[in-house]
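Q: I'd like to go through this structure with you. Can we start?

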Amino acid sequence: MTTNNNNNIQLHKFTKSLPKIELHAHLNGSIRQHTLVELASQRNVSLPSKMMLHDDDATNIQHHNNNDNTYGNEEVLFWNTHPRNLQDCFEVFEYIPKCVNDLIALRRITEEVLMDAAEDGVVYIELRTGPKCLLQRHHHQHHCNSDDDDDGSDGEIVATKREYVETIVEIMSEFERKEHLRYDRECQAQIDDAMAMMQQRKIVRLPLIPRLIISVDRAGSIEQADENINLAIELFQTQQALPPGQKSKYIAGVELGGNPTKNDFTIFEASFERARRAGLKVAIHIGEVPMKSNDARYNEALAVINFRPDRLGHALTLSTSLIELLEKNPIPIECCPTSNTMTLDFALHHEGSLIDGIQMHPHLKKWIECNYPISINTDDSGIFCTTLTKEYLLIAKVFEFDEKKLEEIVLDSLDHAFDDDIKARLREDIQSVVELIVARNT
């Protein structure tokens, strides 16, 4: 038992230190529990009890990254103590915009999500969000032709969707600048420390590189979709036109998400084709609800696959024929183990065991065995009380992965990133860090 626990602790420490790639993370869904509660209180928003994590869950998700006592603690890591199915998630998403309703709150949650990802060892993250019209600062609720907000106006100054995106990009740029300064400073400190050269060197955490995917809500109108796509194209082309030394790469792509029971991909297909022609990468959520052969959801999924986006989100409930179609001509899939297990209620059948729930995942085991191109992601770390380290530990536990296999998944995920310019250098950096981690453990 002691040997097994020591192995669990060593794998946990390796996974925490492992530089990781996050390709499917929703900004609002990654909000910290205590931040949501605080913002709701400030804005007089009453949150339903189902939105609240138990106190111990909130403590675990906020502090387990820095607490060695959680290493090897399977009760903390592998049990679904606060179930949320797909319908629960979309009910939660109705309340978050009421709390994040001004640029001050937007700045706060963006900074905190980036901080949490960096602390978790993520070195590249693609955050996704749908642009909204928010207040410049919190005072009264407001009215705006936004995908998510139709509150009454009290004459407040309203920020545009463009300002929403520019605010996030500004935070990402400043955060990345500080990350590189920190990394250079810590590396130089080791060089300057003569004792460090004689002892085991500290592994300096690589800087986090953030990028943004602009979302289209499938529950919205074509006009709203075109507004978001047009904004993405405009900002992307602006950053592409900058001189090489000043070029910003923060707008990485566009995606279609939202409630999968609303509307149909084909309604928005022309908009996403315009985005693709403009040079933007495209991700599409697919297969989140049950389907039958040749029903409307099957036909929609087939249309998405035939569209050939750069990545697919989830792909949980695809029929055998659609899976076979993908196996013949793969499109990388963004897997989110905890989210997928909870939204399909798998863990509920096993007294909350996420491990048993993931074993019921309809395709993940086969994808791994066949080396199908996948990435491992959190989806909504705040909603599902998870981290990317936890997601990697879950699949390692379920499929008996060793450290080498986890490194392979990270590097495969990097191959699917939307920013092609960072891949070669980041691959070398990740491999160098892994070599240091392995050398320290041997």
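Q: Which unit do strand 8, helix 12 and strand 9 make?
A: This is a predicted model. In it, strand 8, helix 12 (residues 320–328) and strand 9 make a right-handed β-α-β unit. Right-handed means that, with the strands pointing away from the viewer, the path from the first strand over the helix to the second runs clockwise. Helices (H or I, at least four residues) and strands (E, at least two) are DSSP runs, numbered from the N terminus.

Q: How do strand 8 and strand 9 pair?
A: In the parallel sense, over two bridges. Two strands pair if DSSP finds at least two bridges between them. Gly 313 stands opposite Glu 334 in strand 9.

Q: And what joins strand 7 to strand 8?
A: Four bridges, and the two strands run parallel. Ile 284 stands opposite Leu 312 in strand 8. Strand 7, helix 11 (residues 296–307) and strand 8 make a right-handed β-α-β unit.

Q: Which helix goes with strand 6 and strand 7 in a β-α-β unit?
A: Helix 10 (residues 265–277), and the unit is right-handed. Strand 6 and strand 7 pair in the parallel sense over four bridges. Glu 255 stands opposite Ala 283 in strand 7.

Q: Is strand 6 enclosed or open?
A: Seven of its seven residues are buried, so strand 6 is largely enclosed by the rest of the structure. Buried means under 20% relative accessible area (1.4 Å probe, protein chains only). Strand 5 (residues 209–217) also pairs with strand 6 in the parallel sense, over six bridges. There, Val 216 stands opposite Leu 256.

Q: New topic. Which residues of helix 2 are buried?
A: Gln 33, Thr 35, Leu 36, Leu 39 and Ala 40. Seen down the helix axis, they fall within an arc of 165°, so they line one face of helix 2. That arc is taken from the directions from the axis to the C-beta atoms.

Q: What comes just after helix 2?
A: Asn 44 does, with a positive phi of about 55°.

Q: What is the average pLDDT of the chain?
A: It is 86, and 81% of the residues score at least 70. pLDDT is the predictor's confidence in each residue, from 0 to 100. Over residues 54–68 the pLDDT is below 50.

How values were computed: Residues are numbered from 1 along each chain as its sequence is written. This is a predicted model: local features need pLDDT of at least 70, side-chain atom pairs count only at pLDDT 80 or more; totals for chains, interfaces and linings use all residues. Side-chain values use heavy atoms; hydrogens and water are left out. Buried means under 20% relative accessible area, exposed over 50%, partly exposed in between (1.4 Å probe, protein chains only). Contact means heavy atoms within 4.5 Å.
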